[in-house]
Amino acid sequence: MKYFILFGPPGAGKGTQASSMVEKYNLHHISTGELLRKEIAAGSELGLKAKSLIDAGSLVPDEIVEGMIESEFRSVKNVAGFLLDGFPRTTAQAEALDKMLAKTGEEVTAVVSIMIPDEMIKERIRHRASIEGRADDAKEETINNRIKTYHDKTEPLVGFYRNAGKYNEIDGVGTIDEVRSKICGLMDKF
Ligand code: AP5
Ligand code: MG
């Protein structure tokens, strides 16, 4: 199995790009953000726990998302691999992922990082707010906290995966098609 990580700050285009990658490479897309939003919509206990944290732009506890990932790995068959979007987001999650994969003698195939400047994060999220109505896109304060959380907790993973020789970065500024072709140029190699 291949395990690709689509990395990048909020609004970088992870979800947008993932949809075409899953078809092209026969991958199963796992967005922890989307899974959590489904739990919230279903009114589950897990969703209730996650809601206030997501609405504040903070991360939910590592164990919650690690459990979600492991159960997707176990239940999804007949694909060439997985495309992780929004996971891992902390060094602890990256270490947990390595351990999970090591159980079956597997490892992360590659990290594809989509980078955009903070100002563009805000522009793209503002634009999406008018279309999708995501609760965590609604308030400036939440968006600022998501950006801060990204820099504080998630950006250190750039070094983590660079040290592991798995980090690949592309410039996320450009049209959706331009970014897509850069990502494919990278993923074709694996
Ligand atoms: P999550 O859902 O993962 O949100 P995020 O990381 O903040 O990322 P986004 O979904 O906002 O951005 P995206 O990169 O997918 O951009 P998109 O393609 O939509 O997480 C939400 C919350 O859940 C977190 O804050 C946290 O609380 C919790 N959570 C999730 N995972 C967790 C974890 N592992 N651990 C702990 N907590 C976790 O694009 C954005 C907009 O831009 C769209 O409108 C799109 O059409 C547009 N666009 C995209 N590309 C382009 C382009 N090239 N040019 C112009 N517009 C573009
Ligand atoms: Mg997304």
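Predicted model: local features only at pLDDT ≥ 70, side-chain atom pairs only at ≥ 80, totals over all residues.
Helices (H or I, at least four residues) and strands (E, at least two) are taken here as DSSP runs, numbered from the N terminus.

Strands of a sheet pair through backbone hydrogen bonds, either parallel or antiparallel. In this model, 5 strands form an open sheet with parallel pairing, and their order across the sheet is 2-3-1-4-5. Strand 2 (27-31) and strand 5 (167-171) are the edge strands, each pairing on one side only. On average, neighbouring strands of the sheet are turned by 20° against each other, direction ignored. Strand 2 pairs with strand 3 (residues 81-85) in the parallel sense, over 5 bridges, and Ile30 stands opposite Leu84 of strand 3.

Two helices can then be placed against the sheet. Helix 8 (residues 156-163) lies across strand 1 (2-7), strand 4 (110-115) and strand 5, and runs at about 130° to strand 5. Helix 9 (residues 176-187) lies across strand 1, strand 2, strand 4 and strand 5, and its angle to strand 5 is about 160°.

Next come the open spaces. Rolling a probe the size of a water molecule over the atoms shows where empty space is left. The largest pocket has a volume of about 1,100 Å³. It is lined by 48 residues, of which Gly11, Lys14, Arg128, Arg134 and Arg146 are the closest to its centre. Which elements each supply at least two residues of this lining? They are strand 1, helix 1 (14-25), helix 2 (32-42), helix 6 (118-132), helix 7 (140-154) and helix 9. Helix 6 provides the largest share, with 6 residues. By residue type, the lining of the largest pocket divides into 18 nonpolar, 19 polar and 11 charged residues.

The second largest pocket has a volume of about 230 Å³. Among the 13 residues that line this pocket, Tyr3, Phe73, Arg74, Thr104 and Glu106 are the closest to its centre. Helix 4 (62-75) and helix 5 (91-102) are the elements that give two or more residues to its lining, and helix 4 gives the most, with 3 residues. Here the lining divides into 7 nonpolar residues, 1 polar residue and 5 charged residues.

A pair of aromatic rings is described by the distance of the centres and the angle of the planes. When rings of Phe, Tyr and Trp are paired if their centres lie within 6.5 Å, the count comes to 6 aromatic pairs. In one of these, the rings of Phe4 and Phe190 have their centres 6.1 Å apart and their planes at 75°. Planes over 60 degrees apart count as edge-to-face, so the Phe4 and Phe190 pair is edge-to-face. Because Phe4 lies in strand 1 and Phe190 in the segment after helix 9, the pair ties together parts that are 186 residues apart in sequence.

Finally, two details of the backbone deserve a look. Phe87 and Pro88 are joined by a cis peptide bond, with omega at about -5°, and Pro88 is placed in the loop between strand 3 and helix 5. Asn26, in the loop between helix 1 and strand 2, has a positive phi of about 55° although this residue is not a glycine.

Conventions. Residues numbered from 1 in each chain as written. Chains lettered and ligands numbered in written order. Heavy atoms only, no water. Pairing = 2+ DSSP bridges. Axes fitted to C-alpha atoms, helices over the stretch in contact; angles between N-to-C directions. Contact = heavy atoms within 4.5 Å. 1 Å grid on protein atoms, 1.4 Å probe; cavity = no way out; pocket = protein on both sides within 12 Å on 5 of 7 lines; lining within 4 Å. Points joined across faces, edges and corners; volume = space filled by probe spheres on them. Nonpolar A, V, L, I, M, F, W, Y, C, P; charged D, E, K, R; others polar. Phe/Tyr/Trp six-rings, centres within 6.5 Å; stacked < 30°, edge-to-face > 60°.
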